[in-house]
Amino acid sequence: MDTKRCFASRFDNYQGSLLAGQCEEAVASLVTATIQRILQELPPLGAAPRPEGRRPGLAAAGGVMAAWPECPLFATARERYLRSAMRLIDACARAEEWGEPDADTRAAFLLGGAGVYAVATLVYHALGRSDYVQPLGKFRALCAVCAPVSFLECGSDELFVGRAGYLCAALVLKQKLAQEVLTPAQIKSICQAILDSGKQYAIKKRKPFPLMYSYYGTEYLGAAHGLSSILQMLLSYHEHLKPSDRELVWQSVDFLMEQEQNCNWPPELGETIERENELVHWCHGAPGIAYLFAKAYLVSKKPQYLDTCIRCGELTWQKGLLKKGPGICHGVAGSAYVFLLLYRLTGNSKYIYRAQSSFPVNLIKMEHLLYTRQHCF
């Protein structure tokens, strides 16, 4: 039985030239075709998507982002795509507001209300609508929900439903709107809650480092639910932290760097990686943890963080053609994004080549996924 989680790469190492046949126009036509197929599966106008009876969150609103390409190559279809995006995000917002109150996901970026309101704000703003301030106001109001240190029993700080995700959404809004969407006091209150939560847990569990967290009782390290994405968000707002708290963050970053095992990290603190069954995913492992060390390098300019990030990319090149699917969390796209990140950090064209090399595999997987959905469900 084959237990390997990745395909053997058939691509050579970078020899100084990029792959042929992948010009912008060729890729754009494939993207357009995929978007059209997604739009064909949208719910009827006025219907609120309720996957398996759950409130939609950003999981359903992901279709909005697919229908909203910002690249100039899609300029002629921009208005049409934005209208489709608004149709879906309005349905998501209705489901969020009319559904049963759910304290666990109201402030969640990837699985709840914060993500829906953030995307609604961006879509309305892109359409030139002045009422984008309404969903933005609802997003801001959620700051009060996640400010208490223990607002979630399962774990208040991680990326999907916790405070790190809320701060991440605020960063996206700041970048796209070119303005800070939270007040300094709000930012400080969320960061302080993350710090206090991490300090309390580390002391309670007698950890040899200052900040640690758990999600459903598991001490995750990876980007999905773990320490790396929480620290990344704290570094993203480092100017709002007291000097003493910044030092605690850097100590925790360095501790996490020391947990590296052969260019990778175990899903949980204290685990030993079994090489034949290791996870090299965005959610657990080097492809997601790379973003923390990229941010650490950008803030500090210390070469050891860039070196660690590069090692993450090397492992991803070896084991990033994942069998599990085309997605970001534990699929090929999550691997390819690491190469784009490293290109932006280093300017080395070999990372563009590696991202290109992931593209045809991902396209084949996406076509298979769409075919399966169309003919089997």
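Because its relative accessibility is 18%, L345 counts as buried, where buried means under 20% relative accessible area, exposed means over 50% and partly exposed lies in between, for a 1.4 Å probe and protein chains only. The structure is a predicted model, in which local features need pLDDT of at least 70, side-chain atom pairs count only at pLDDT 80 or more, and totals for chains, interfaces and linings use all residues. Residues are numbered from 1 along each chain as its sequence is written, and side-chain values use heavy atoms, with hydrogens and water left out.

**The chain as a whole**

- The protein chain has 14 helices and zero strands, where helices (H or I, at least four residues) and strands (E, at least two) are DSSP runs numbered from the N terminus.
- Of the 377 residues in the protein chain, 50% are buried.

- L345 belongs to helix α13, which covers residues 332-346, and, not counting residues up to four places away in sequence, L345 touches A294, Y297, L298, L306 and C309.
- Although L345 and Y297 are 48 residues apart along the chain, their C-alpha atoms are separated by 9.2 Å.
- Y132 is placed in the loop between α4 (113-126) and α5 (133-141), and Y132 counts as buried because its relative accessibility is 17%.
- Leaving aside neighbours within four places in sequence, Y132 is in contact with T121, Y124, H125 and Q179, while the C-alpha atoms of Y132 and A118, 14 residues apart along the chain, are separated by 9.8 Å.

**Helices α9 and α10**

- Helix α9 (residues 227-236) and helix α10 (residues 243-258) have axes that come within 10 Å and cross at roughly 145°, the axes being lines fitted to C-alpha atoms, for helices over the stretch in contact, with angles running from 0 to 180 degrees between N-to-C directions.
- On the side of α9 the contact is made by L227, S228, L231, L234 and L235, and on the side of α10 by V249, W250, S252, V253 and L256.
- By class, this contact of α9 with α10 has eight nonpolar, two polar and no charged residues, where Ala, Val, Leu, Ile, Met, Phe, Trp, Tyr, Cys and Pro count as nonpolar, Asp, Glu, Lys and Arg as charged, and the others, Gly among them, as polar.

**The second largest pocket**

- The second largest pocket holds about 340 Å³ of space, a pocket being an open set of points on a 1 Å grid over the protein atoms alone, where a 1.4 Å probe fits, with protein on both sides within 12 Å along at least five of seven lines.
- This pocket is lined by 18 residues, and the closest to its centre are S150, G155, S197, Y201 and S214, with lining residues having an atom within 4 Å of a point.
- The lining of the second largest pocket divides into seven nonpolar, seven polar and four charged residues.

**Positive phi outside glycine**

- Y216, in the loop between α8 (184-204) and α9, has a positive phi of about 50° although it is not a glycine, and Y216 counts as exposed because its relative accessibility is 60%.
- C263, in the loop between α10 and α11 (286-300), is a residue other than glycine with a positive phi near 70°, and C263 is partly exposed, with a relative accessible area of 25%.

Key: Contact = heavy atoms within 4.5 Å. Points joined across faces, edges and corners; volume = space filled by probe spheres on them.
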